[in-house]
Amino acid sequence: MKIVCLGGGHGLAQVLSAIRPLCSDLTAVVATTDNGGSTGRLRESQECVALGDIRRCCLQLTDKQSLIHSIFEHRFDGGELDGHSLGNLTLLGLMQLTDSPTEAVAWFNAMLGNAETILPMSDSATDLVATYANGEQVVGECEIDALTELPDAIGLSKSVRAAKGAVDAITNADLVLIGPGSIISSVMPPLLVKEIGDAIENTAACRIFIENIAEENSVARSLKGETIIDWMQEKLGYQFCDLSISPQAIEEIVVHCDELNDAQSTQHNIEQLSHVFSQLLKLPLSTKVNSTCTIN
């Protein structure tokens, strides 16, 4: 089964870990608009795509106890490199060598020994932009997350092309998983790339949105349940999912697994997600539906 996962942050990395044992053809399309931390500093100085979520997804697929995982997760302390991750700097060096973020990520992923495909949403840098009815604009993920009122529109600072391979992966997928993660700053950026949006809208794959367990620490915290999907589809201008999996659904699916019930976490649990996906893949997901429904 061909599965494509879209998003960013910790949510996408957790989904990759959970779904990896269940399929032989796995692709991730990662948000590249983050402007905080080490990633933000590198973006500002090098005018490049965001690297942090890409690094996180690649390393999530490696053995966390391995030396190579520890090396690339290492953060420097003091001096000009203070706070920078060696993995981010390695990705930056590979981008300069290849002149292509997509190729740089492929090289980095190969260095880690991963067979899965990790793609940036685009090879071109762009920022997330929130716009209000009065024309006021707020640029940057961190700045948008800090807002106190939901914007009237969400977009990108400039139109960018999808990374090579992203559209084909979505078009040829059997299943597309979107989220979980911060709705505006992690989930929406890839969906705002026109080519990716068109591919998601037109793919024959079943498109599943994974809702967050924990309340967001962002302006999107006021969005709940189906309101989230309605709001996102209004801003995106297209239907991006056929099914959504609520936190209640995840709890229900694992209710008979005592060893999983003992794990009370404020974030998605990888073992729980893996169990949910294993049950989900037993369903006939090839049939498209005309409207979004929620598994809850």
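A pocket is an open set of points on a 1 Å grid over the protein atoms alone, where a 1.4 Å probe fits, with protein on both sides within 12 Å along at least five of seven lines. The largest pocket here has a volume of about 750 Å³, a volume being the space filled by probe spheres set on the points, with grid points joined across faces, edges and corners. This is a predicted model, in which local features need pLDDT of at least 70 and side-chain atom pairs count only at pLDDT 80 or more, whereas totals for chains, interfaces and linings use all residues. Residues are numbered from 1 along each chain as its sequence is written, and side-chain values use heavy atoms, with hydrogens and water left out.

**Largest pocket**

- The lining comprises 37 residues, a lining residue being one with an atom within 4 Å of a point.
- Gly9, His10, Gly181, Ser182 and Ser186 lie nearest the centre of the largest pocket.
- Two or more lining residues come from each of α1 (9–19), α2 (37–46), α3, α7 (141–145) and α9 (183–191); helices (H or I, at least four residues) and strands (E, at least two) are DSSP runs, numbered from the N terminus.
- By class, the lining holds 5 nonpolar, 23 polar and 9 charged residues, where Ala, Val, Leu, Ile, Met, Phe, Trp, Tyr, Cys and Pro count as nonpolar, Asp, Glu, Lys and Arg as charged, and the others, Gly among them, as polar.

**Helix α6**

- In α6 (residues 101–111), Pro101, Thr102, Ala104, Val105, Phe108 and Asn109 are buried (under 20% relative accessible area, with a 1.4 Å probe and protein chains only).
- These residues are on the same side of α6 because they cover an arc of only 160° around the axis, taken from the directions from the helix axis to the C-beta atoms.
- Their cover includes α3 (52–60), α4 (67–73), α5 (86–98) and β3 (117–120), contact meaning heavy atoms within 4.5 Å.
- Gly113, which follows α6, has a positive phi, near 80°.

**Aromatic pairs**

- The whole structure contains 2 aromatic pairs (rings of Phe, Tyr and Trp, its six-membered ring, with centres within 6.5 Å; planes under 30 degrees apart are stacked, over 60 edge-to-face and the rest tilted).
- Phe72 and Phe108 form an edge-to-face pair, at 5.1 Å centre to centre and 75° between the planes.
- This pair links helix α4 with helix α6, its residues being 36 apart in the chain.
- Phe72 is buried at 8% relative accessible area, and Phe108 is buried at 0%.
- Phe209 and Phe240 are also edge-to-face, because their ring centres are 5.6 Å apart and their planes stand at 80°.
- Phe209 belongs to strand β8 (residues 206–210) and Phe240 to the loop between α11 (226–236) and β9 (243–245), 31 residues apart; both are buried.

How values were computed:
Buried < 20%, exposed > 50% of the residue type's maximum accessible area, 1.4 Å probe, protein only.
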